[in-house]
Protein chains: 2
Amino acid sequence: MKLAIFGTGIVGQTFAEALAKKGHTVVIGTRDPAVSKTRADKPFYGEPFSVWYAQHRDIAVATYAEAAAQSEIIFNCTNGAGSLPALEAVGAEALGNKLLIDVTNPLDFSKGMPPSLFVSNTDSLAEQIQRAYPKLRVVKTLNTMNCGLMVNPRSLKDGNHTAFVSGNDAAAKAQVKGYLTEWFGWKGEQVIDLGDITTARGTEQLLPIWLRLFGALNTGNFNFAIVK
Amino acid sequence: MKLAIFGTGIVGQTFAEALAKKGHTVVIGTRDPAVSKTRADKPFYGEPFSVWYAQHRDIAVATYAEAAAQSEIIFNCTNGAGSLPALEAVGAEALGNKLLIDVTNPLDFSKGMPPSLFVSNTDSLAEQIQRAYPKLRVVKTLNTMNCGLMVNPRSLKDGNHTAFVSGNDAAAKAQVKGYLTEWFGWKGEQVIDLGDITTARGTEQLLPIWLRLFGALNTGNFNFAIVK
């Protein structure tokens, strides 16, 4: 399939590589491709995009608008604060009723570490996106674990841990659940449909405990499982 | 041991019964014992306190101040909004440096269902309590699962799911971890020390997804496990 990955950070890099390996036509969307391709500053996690890009020249890098125009599905892997500006750069008309798989979290680094959330409790980033683009089929998922696990859940306890999906469009959620199992190896019984897009408040508010567990366990290679 | 349980709702009832069965001297603290003993209105969860009390006459019911005075440890099982008023009724001097095991959540029912949180993100109810009573040894725990599981974790998948502890006093957390394993049967390796009391932001913010899972799974008999 033709897939756009929005964001050049470690999450975008991880999805782009995993999906290209699966044989999909992947294009990374960014604000300014020329700037991204030469960006040498070390991000908080992962490696500079220029270093990664040198090893992945088969993956196209384009503007958000170009990447969206070429693709059936958009993976939103920008940092939380960059999500609405990235979609704005495409525009409502071009976005249409595409499927947006939203894996971002509204992390706010301005109040010290670990980060807090810039939207939470009675609203969520996924809802902000859905409200701004009512026709866009937004499915929130995979925002509750390390990006290595997002695309390779079987690497931890044979995949016996949980992914959540939230969204208003039942068909879109079923489609995403299919991709999670088929493309990444998530076990179907471990993918829990929480309900409409407001349930993303729940998964986005998992980040505060995720970040504390990252500190307490001294690794990001863990996940939540729902035991029932 | 001499244990005070603050709160007459289903969580307080569950702890009082479980701990009395273990042979502890349990006293339930409430604002007005005479009113609580005759309270016949059906709460949102569980049964009216008068009905429960008729079946548990061996368990004392006293004012918050009387209950605290008689006890070495206080379990805070009030509803979230009732926590600070209950402690205020005891007062800082009488509370001293007692151990407070805080299992409450700051649920706000005023904005519709499911409830939101009246404090979250950059603060937590546990921190509010700790700030108000700096000498009190506050340990936040067990606020992330159904009360039946709090006191009987082995009833679900032989206890292979997780409880968290948060608090500023390492000795108090170790003491509480001991009680969780000894009194209720929590597996030691499933009790994760998240760090200081600010980490309660993480566990209190699990409630939004807990409530959505309660809806999606149609049962409260589930828990989070950390798979690592």
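Buried means under 20% relative accessible area, exposed over 50%, and partly exposed in between, with a 1.4 Å probe and protein chains only. This is a predicted model, where local features need pLDDT of at least 70 and side-chain atom pairs pLDDT 80 or more, while totals for chains, interfaces and linings use all residues. Residues are numbered from 1 along each chain as its sequence is written.

**Exercise 1.** Work out which residues of helix 11 of chain A are buried.

*Solution.* Start with the helix itself, residues 207-217; helices are DSSP runs (H or I, at least four residues), numbered from the N terminus. Next, pick out the buried residues: L207(A), P208(A), I209(A), W210(A), L211(A), R212(A), L213(A) and L217(A). That makes 8 of the 11 residues, so helix 11 of chain A is largely enclosed by the rest of the structure.

**Exercise 2.** Decide whether F44(A) is buried or exposed, and find where it lies.

*Solution.* Then check its relative accessible area: at 61%, F44(A) is exposed.

**Exercise 3.** Find which helix gives the largest share of the lining of the largest cavity.

*Solution.* Begin with the lining residues, which have an atom within 4 Å of a cavity point; among them are F75(A), I101(A), T141(A) and W183(A). Now turn to the helices: helix 9 (residues 170-184) of chain A gives the largest share, 5 residues.

Notes. Chains are lettered from A and ligands numbered from 1 in the order in which they are written. Side-chain values use heavy atoms; hydrogens and water are left out. Helices (H or I, at least four residues) and strands (E, at least two) are DSSP runs, numbered from the N terminus. On a 1 Å grid over the protein atoms alone, a cavity is a set of points where a 1.4 Å probe fits but cannot get out, and a pocket is an open set with protein on both sides within 12 Å along at least five of seven lines; lining residues have an atom within 4 Å of a point.
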